[in-house]
Amino acid sequence: MGEGVLTSGFSRVDGALACEGVSLDRIAAEVGTPAYVYSTSVVRDRYQKLDAALAPMPHRIHYTLKANSNRGLLNVLRDLGAGVDVVSGGELFRAMRAGFGGKDVIFGGVGKTERELREALEAQVLLINVESEAEIRLLDRVAGELGVTAPIGIRVNPEVTVDSSHRYIKTGEKGAKFGVPFDEVLGAARVAAELPHTTLLGLDMHIGSQLFRLDPYLDGTERLVELLGKLKKDGIDTLEYLDIGGGLGVSYDDEQPPDLTRFAHALTSRVQPTGLTLLMEPGRFIVGNAGVLLTRVLYRKRSGGRQFLITDAGMTELLRPSHYDAYHRIEAVHDTDKQMTADVVGPVCESGDFLALDREMDDANAGDLLAVYDVGAYGYVMASNYNTRPRGVEVLVDGDRFAVATARERYEDLVHLEHEDPQWRDA
Ligand code: LLP
């Protein structure tokens with residue numbers, strides 16, 4: 001694939017950064033900072049490239065809401081023909097509100113509540129990916145109560161070695177909390193096949209996130225295909241879907257994203273003979289490179305021989321640097337030839353509140369705008385109100401137009417669930 005052929009969405013025009021045809025200056029002036037700015041062309045480009053690569057086999061791309069779930073973005077993906085992957089009742093609610101139908105939805109997650117399972121069944125989702133035998137039994141009971149049959153996918157832990165950038169985002173290795181251990185899948189499948197209100201429609205895996213090597217995917221897929229053979233031998237032949245999860249890596253620095261054509265080719269040779277429909281659950285690949293976080297420098301100061309840029313965004317807007325030690329490129333919105341070495345830190349009362357440490361970067365001063373790159377995935381969705389900070393605004397850009405997708409929180413939004421005078425109840 002090579003980054004070169006992917007749309008970037010951001011470029012320098014007349015001395016300053018623009019997203020597609022709209023200058024970031026203009027957006028900051030109109031909606032303020034911190035602001036998340038997303039290029040819809042990048043989202044469309046990524047979706048269409050992946051869809052085209054998978055074209056040789058029956059497939060569907062289920063965009064993973066946890067990466068970024070605002071309504072405006074979901075509208076774009078719905079119009080492209082995407083399905084969705086959700087992991088909570090809240091995400092299901094968002095998906096349905098955005099006009100996705102039940103059959104567009106895969107419901108996953110390691111700890112679904114009975115209420116969430118009921119909601120998934122009521123929504124008539126395509127697949128509920130279960131992670132234990134106990135969950136299959138609970139699902140059978142709830143489906144029985146509702147008078148429906150639960151469409152089950154078993155999330156398999158394929159127990160492959162993965163090369164993800166951080167141990168928090170590996171999920172498919174032996175001993176992980178995710179999925180049914182490989183050697184217990186046959187037993188779980190028999191339970192799903194025998195219970196009256198469940199039907200086994202799929203096998204699923206998700207081995208980790210920000211993956212660059214293809215072999216763990218292919219090894220995992222082979223493990224699923226191997227299981228499929230065992231299930232057939234056992235007389236279980238209701239399967240329709242092979243879901244290989246998400247995890248495709250993107251470039252934040254100089255990483256080389258996996259070659260989509262090679263990836264699809266290798267998958268086709270393994271999946272096509274099964275006659276099943278391939279499902280994928282990408283999040284980061286579709287939206288990761290599509291967004292920047294616009295933040296303004298509040299102060300520049302020196303301390304202990306270090307230069308600090310104190311910005312109006314920090315760990316509350318982008319948790320990835322402090323939580324995963326993640327690298328996000330930072331540039332001044334206005335062109336400059338001067339460079340500096342700085343710690344870019346937020347206003348939160350934590351030493352772990354930083355966007356970059358010891359970074360060689362564009363020189364910046366109080367009042368300047370910075371763009372923190374590649375925040376389209378796991379940016380806004382991981383934001384918090386710590387220090388009672390209102391969440392920032394989300395903006396979509398499409399060519400020469402832009403729109404607010406999510407308004408900036410107001411102080412009143414931060415306290416609207418609080419009881420002014422809590423009513424005491426006696427024990
Ligand atoms: N499917 C399942 C079952 C998942 O758990 C995930 C992500 C995905 C699909 C989508 O993975 P993606 O294509 O986006 O890699 N907050 C972390 C990433 C956590 C990913 C969790 N699961 C980060 O900021 O790097």
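Me: Helices here are DSSP runs of H or I with at least four residues, numbered from the N terminus. With that in hand, which residue follows α3?

Reply: That's G81, and its phi is positive, near 100°. Do keep in mind that this is a predicted model.

Me: Noted! And what caps the N-terminal end of α3?

Reply: N70 does: one of its side-chain oxygens sits 3.2 Å from the backbone nitrogen of G72.

Me: Which residues of α3 are buried?

Reply: In this helix, residues 71-80, the buried ones are G72, L73, L74, V76, L77 and L80.

Me: What covers them?

Reply: The cover includes helices α2 (40-53), α4 (89-97) and α10 (284-287), along with strands β5 (59-64) and β20 (393-398).

Me: Switching to the ligand: which residues come nearest?

Reply: Out of 18 residues around the ligand, the nearest are S209, E281, R320, Y324 and Y378.

Me: How far is the ligand nitrogen from the E281 side chain?

Reply: 2.6 Å, taken to an N or O atom of the E281 side chain.

Me: How much of the ligand does the protein bury?

Reply: 90% of the 580 Å² that the ligand exposes when taken alone.

Me: Back to R320. Is that one buried or exposed?

Reply: R320 is buried, yet has no salt bridge. The nearest side chain of opposite charge is E255, 8.1 Å away.

Me: Where does R320 sit, and what does it touch?

Reply: R320 lies in helix α11, residues 320-324. Beyond its neighbours within four places in sequence, its contacts include Y252, R284, D325 and Y378.

Key: Residues numbered from 1 in each chain as written. Predicted model: local features only at pLDDT ≥ 70, side-chain atom pairs only at ≥ 80, totals over all residues. Heavy atoms only, no water. Helix = DSSP H or I, 4+ residues; strand = E, 2+ residues; numbered from the N terminus. Buried < 20%, exposed > 50% of the residue type's maximum accessible area, 1.4 Å probe, protein only. Lys, Arg positive; Asp, Glu negative; His and termini not counted. Salt bridge = Lys/Arg side-chain N within 4 Å of Asp/Glu carboxyl O. Contact = heavy atoms within 4.5 Å. Near = heavy atom within 4 Å. Polar contact = N/O pair within 3.5 Å; in protein donor to acceptor, adjacent residues only side chain to side chain. Areas by Shrake-Rupley, 256 points an atom, 1.4 Å probe, with all protein chains shown as cover.
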